[in-house]
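Here is a short briefing on one protein chain.

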Amino acid sequence: MKQRISRQRKAVAEPVPVPDPVITPYEKIAEQLGAALQSTVEQIPGYDDDLSNVRKNVRRPVTPKFIAMALTAVEAISELQGVNQLDTTECRDTLQFSQGIQSLTDQLFGTGRRLDLMRRVREERAGRSALAIYAIGQRVALNPNNTHAKVHVENLKAELQRSNRAAQPAKPPAEPEPGTPDPTAEGGGTN
């Protein structure tokens, strides 16, 4: 009996073999979408420009409506055209770029949020099913004739404990009660 128990413990300690990687249909779809997106955005003028020196929190100083109004004013007033402070061609191109790209970024962010929600919903369903199987497996493993089930249940239990520890935030140190001497203070006590 003692030898049988040590074999069971040894089986639990061994890692579960990882199957060879398989390219799933979803990975193929993601790869196709990524390639199509990359080839499309590369057509946007300036997409590959070096932006490493640009602040990450860059903000526009005024609204696009203000820019359009300033553009209209420059085109209507000859005195404003002579100061060469606003390149009307570049400004109009920027407004067109902003309008076109805004709809694209809205679509991409919306698609990203939708795909992320779909992923989380599917993981939640699969996780609930896996927990149900774990609960059933625990009952099956109670039978002494099902030592093979016990190995799987112990591995599932270990993974569940590992993932629960990782999900729990670290507790901040407890505040000392009022009137308690601070052990880190010099002198170690009160006067």
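Helices here are DSSP runs of H or I with at least four residues, numbered from the N terminus. The model is predicted. Its secondary structure comes to six helices and zero strands.

**Overall fold**
- The elements run α-α-α-α-α-α from the N terminus on.
- The chain has 191 residues, of which 7% count as buried.
- Take the contacts between residues at least 6 apart in sequence: 41% of them join residues at least 24 apart.

**Largest pocket**
- The volume of the largest pocket is about 1100 Å³.
- Its lining has 26 residues, and the closest to the pocket centre are Thr94, Phe97, Ser98, Ile101 and Thr105.
- Three helices each supply at least two lining residues: H2 (25-41), H3 (64-76) and H5 (88-141).
- H5 gives the most to this lining, with 12 residues.
- By class, the lining splits into 15 nonpolar, six polar and five charged residues.

**Second largest pocket**
- The second largest pocket has a volume of about 280 Å³.
- Tyr26, Ile29, Ala30, Leu33, Leu115, Met118, Arg119 and Arg122 line the second largest pocket.
- H2 and H5 each provide at least two residues of that lining.
- Six of the lining residues are nonpolar and two are charged, with no polar residue.

**Helix H5**
- H5 has 54 residues, which should span 80 Å at 1.5 Å a residue.
- Cys91, Leu95, Tyr134, Gly137 and Ala141 are buried in H5.
- The buried residues of H5 pack against H3 and H6.
- An α-helix has 3.6 residues a turn, so residues three or four places apart point the same way.
- Aspartate 87 caps the N-terminal end of H5. One of its side-chain oxygens lies 3.1 Å from the backbone nitrogen of threonine 89.

**Glutamate 42, between H2 and H3**
- Glutamate 42 sits in the loop between H2 and H3.
- Its relative accessibility is 44%, so glutamate 42 counts as partly exposed; the partly exposed class lies between the buried limit of under 20% and the exposed limit of over 50%.
- The side chains of glutamate 42 and glutamine 38 are joined by a polar contact of 2.9 Å.
- Not counting residues up to four places away in sequence, glutamate 42 touches Tyr47 and Asp48.

**Asparagine 84, between H4 and H5**
- Asparagine 84 is placed in the loop between H4 (78-81) and H5.
- Phi of asparagine 84 is near 55°, a positive value in a residue other than glycine.
- Is asparagine 84 buried or exposed? At 66% relative accessibility, asparagine 84 counts as exposed.

**Asparagine 146, between H5 and H6**
- Asparagine 146 lies in the loop between H5 and helix H6 (147-167).
- Asparagine 146 counts as buried because its relative accessibility is 18%, and buried means under 20%.
- Leaving aside neighbours within four places in sequence, asparagine 146 is in contact with Val140 and Ala141.
- Ala141 is also among the buried residues of H5.

Conventions. Residues numbered from 1 in each chain as written. Predicted model: local features only at pLDDT ≥ 70, side-chain atom pairs only at ≥ 80, totals over all residues. Heavy atoms only, no water. 1 Å grid on protein atoms, 1.4 Å probe; cavity = no way out; pocket = protein on both sides within 12 Å on 5 of 7 lines; lining within 4 Å. Points joined across faces, edges and corners; volume = space filled by probe spheres on them. Nonpolar A, V, L, I, M, F, W, Y, C, P; charged D, E, K, R; others polar. Buried < 20%, exposed > 50% of the residue type's maximum accessible area, 1.4 Å probe, protein only. Contact = heavy atoms within 4.5 Å. Expected span 1.5 Å × (residues − 1). Polar contact = N/O pair within 3.5 Å; in protein donor to acceptor, adjacent residues only side chain to side chain.
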